[in-house]
Amino acid sequence: MAKTIIISNRLPVQLQIDNGTINAIPSVGGLATGMKSVHSDGQSLWIGWSGLTEEEIPEELEGEIDKALAEHGSSKVKLTAAEVDGFYYGFSNRTIWPLFHYFLEYSEFELSSWNTYREVNQKFADAILKEASEDDIIWVHDYQLMLVPQMVREKRPDISIGFFLHIPFPSYEIFRTLPWREEVLLGLLGSDLIGFHTYDYERHFLSSIRRILGLEVSFNDIYLESRIIKVDSFPMGIDYAKFHNAAKDHEALPKNKQSDLQRRLNTHKESTPDAKFLLSIDRLDYSKGIAKRLNAYEYFLNKYPQYKEKVRLIILAVPSRSNVPQYQLLKREIDELVGRINGELATVSWTPIWYFYRSLPFDNLIDLYTSCDIAWLTPIRDGMNLVAKEYIATRTDKTGVLILSEMAGSANEMNESLLINPNNFEQIADTIHRAIQMPEKEQKERNSVLQKRLERYNVEKWANDFMRSLTEQRDKDPTYVAQRLSVDLTNTLISEYREAEHRLLFLDYDGTLAGFHNDPQKASPDAELYKLLDDMNALPNTDVFLISGRDKETFGKWFLKKKYNMIVEHGVWLSEGGNDFTMLENVKKDWMEKILPVLESFVDRTPGSFVEEKNYSLAWHYRNTDPDFGQKRASELNTVLRSLIANDDLSVLNGNKVMEIKSSNVNKGRAAMRIFTRHDYDFVFAIGDDWTDEFMFQELPETAVTVKVGRQKTQAKFYLDSIKNVRDLLSRFTKK
Ligand code: ADP
Ligand code: G6P
């Protein structure tokens, strides 16, 4: 049976060896806690790192380790201490983590860590390749494994691969500082589907794809050679029922069964009934804004001194990545801050901050969530922040206030919480005051909405949505009306061609026979193309026409002496057998003086764009502009032109990074039909790559073989993926 292979650096459990005994402790962090619930249905295998280095695993315990992991549906990738150092503490957590969280100053760009990251990613990919059978679905997780999708794809082009990033994807301005930015993007593009928590991360990623790799992106599809990669946002949910039910069970516990922590919390509540508990729970990470939060707390107590001795802040920080210097410094900073604030403000009966630096068992988390009146989470950047969702889920009577940083991904879905900017102390102090004062009725109104949403879009729904989208992507080809010209279809086509008595072929030039060039004049034919066209031109009973939007001067220079038939400027001019160009269509050009200045004003305002003046049309090229900006300007120009040309018989053609304005009664379809109707052809073939070729596909008779180059939407019957495929096909026409 087909299975899902989940692959991430962290497994659901971390192994520790204590005096020869293996302990499995639950992993913390959003990825592990969230995916654990998805994984528990037994249909998946989870591959990852056990938390122990190869050196720490004695040979005799290897089998037991595997057994311990198998109990959690997991299997390990073995990493040496040096690999953990370069890959995990190094590139993952000293380069990518700070960079993607906008802590540019913490990012280190070390070639040796990058090399280890690559090697270790290969190890993970190999582990997948060993386990994956046909029809399995591979789901790769997070920033530690961004090269894995491509590494798997290389060996298994057929397999379905999804990737989900659990942290933010930064803006292009930040991402482009990474020395290995192309490699990372190409690594991710091995996937069929790439998921992010929010639309902003998705938008940033697509922008980097366009600007760094220059790939074509249409809505949220990326076109890479013969593949389409889908990008989408899936905000991760939590296991709502698990948290909600645990809170209910917790309430029903008799006093003597309560935990020590709960009893301590109760004692404090009972001694000061109007006291309020503020809670924050995070991994000890600079992205979580813990130090800022402590300073803001002090600010609050000074601004609203009436809450001294009434309010307590409980900070639970779980140790994280303690080999990374920034985390060690942060630990010291927080220890000192807590010490200083408590030292300065504490009274005999009141300690303003309770600070726990440890991982707590699930039951204790529930104690805290259910006992605290306010959850206060202030990340400076956070991919999602599941703690915010967990807190709300445990509020069974719907009381409690969530104060959440706008910079957390979860803020997008939690509008009913009190959103704050973690850098604005004034706002934070006022918001805590507001939260303390908030009437129960309002708390319940806000939380009911939040709970409903969390219950509906829980982690299971999140995973199902991702999986559905991934399988849809795999089965997607049929959405393209055009069929790929497979080997079989090509063979049929060739035999039809051979059997025909009088054949007509229309070949577009740019993007079909030759690649694009930043300067259109430089995209001249290469020797191989001349040879191919010579051979085609010599074919008996076959009329071959180059059909292009190019001007007659350029084509004349390239092809006239070769005596190829040519239709240029979309159908204004015709040249056959080396004769001079004659007009195929009578067209006006008086409109040009009105439109040219408009185009020129766009050139002035759009660096890299230029106007090409043809005999009967004007073209604004924007291939060399910033892709996002060029696209934006193109839509702007489109609007301007539409209102300007409303009364003229003109049309605007949106080509591949070019907009062309020309007379409406000129197009390739009309031109092709003029040729077609001259004889009785029994085989008609037309091939092209852009919008202007769609006129041919549309107008030629139903029996014509029409082929689109690339996978954009088309009226053509078939498609091919690349110029190389086109040349291969055409050269088969020339063979006996
Ligand atoms: P991140 O993934 O950056 O760590 P999230 O808030 O998304 O942040 O996820 C943190 C997860 O780790 C939550 O599911 C939370 O319950 C768990 N967690 C955080 N702190 C602790 C702790 N001290 N003990 C146990 N679990 C914790
Ligand atoms: C974040 C990351 C996870 C990571 C977790 C804990 O949630 O997105 O990939 O597992 O933090 O960090 P750690 O370094 O302990 O795995």
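Predicted model: local features only at pLDDT ≥ 70, side-chain atom pairs only at ≥ 80, totals over all residues.
Reader: Thanks! How do the residues of the shell around ligand 1 divide, then?

Author: There are nine nonpolar, five polar and four charged residues in that shell. In total, 18 residues surround ligand 1, and Gly30, Arg283, Lys288, Leu360 and Glu390 are the closest.

Reader: What does Arg283 do there, in terms of distance to an oxygen atom of ligand 1?

Author: One of the polar side-chain atoms of Arg283 is 2.6 Å from an oxygen atom of the ligand. For Gly30, a polar backbone atom lies 2.6 Å from an oxygen atom of ligand 1. Of the 570 Å² of accessible area that ligand 1 has on its own, the protein covers 92%.

Reader: Which helix gives the largest share of the shell?

Author: That is α14, with three residues. Domain 1 (4-233) and domain 2 (240-455) each contribute at least three residues to the shell.

Reader: New topic: how many residues are in the largest nonpolar core?

Author: It has 100 residues, and Phe124, Phe205, Ile222 and Phe300 have the most contacts inside it. Helix α3 (residues 81-100) gives the most to this core, nine residues.

Reader: And where does this core lie relative to the two domains?

Author: Between them, because domain 1 (4-233) and domain 2 (240-455) both give residues to this core.

Definitions and conventions: Residues numbered from 1 in each chain as written. Chains lettered and ligands numbered in written order. Heavy atoms only, no water. Near = heavy atom within 4 Å. Polar contact = N/O pair within 3.5 Å; in protein donor to acceptor, adjacent residues only side chain to side chain. Areas by Shrake-Rupley, 256 points an atom, 1.4 Å probe, with all protein chains shown as cover. Helix = DSSP H or I, 4+ residues; strand = E, 2+ residues; numbered from the N terminus. Nonpolar A, V, L, I, M, F, W, Y, C, P; charged D, E, K, R; others polar. Domains from an automatic or database assignment. Core = buried A, V, L, I, M, F, W, Y, C linked by side-chain atoms within 4.5 Å. Buried < 20%, exposed > 50% of the residue type's maximum accessible area, 1.4 Å probe, protein only.
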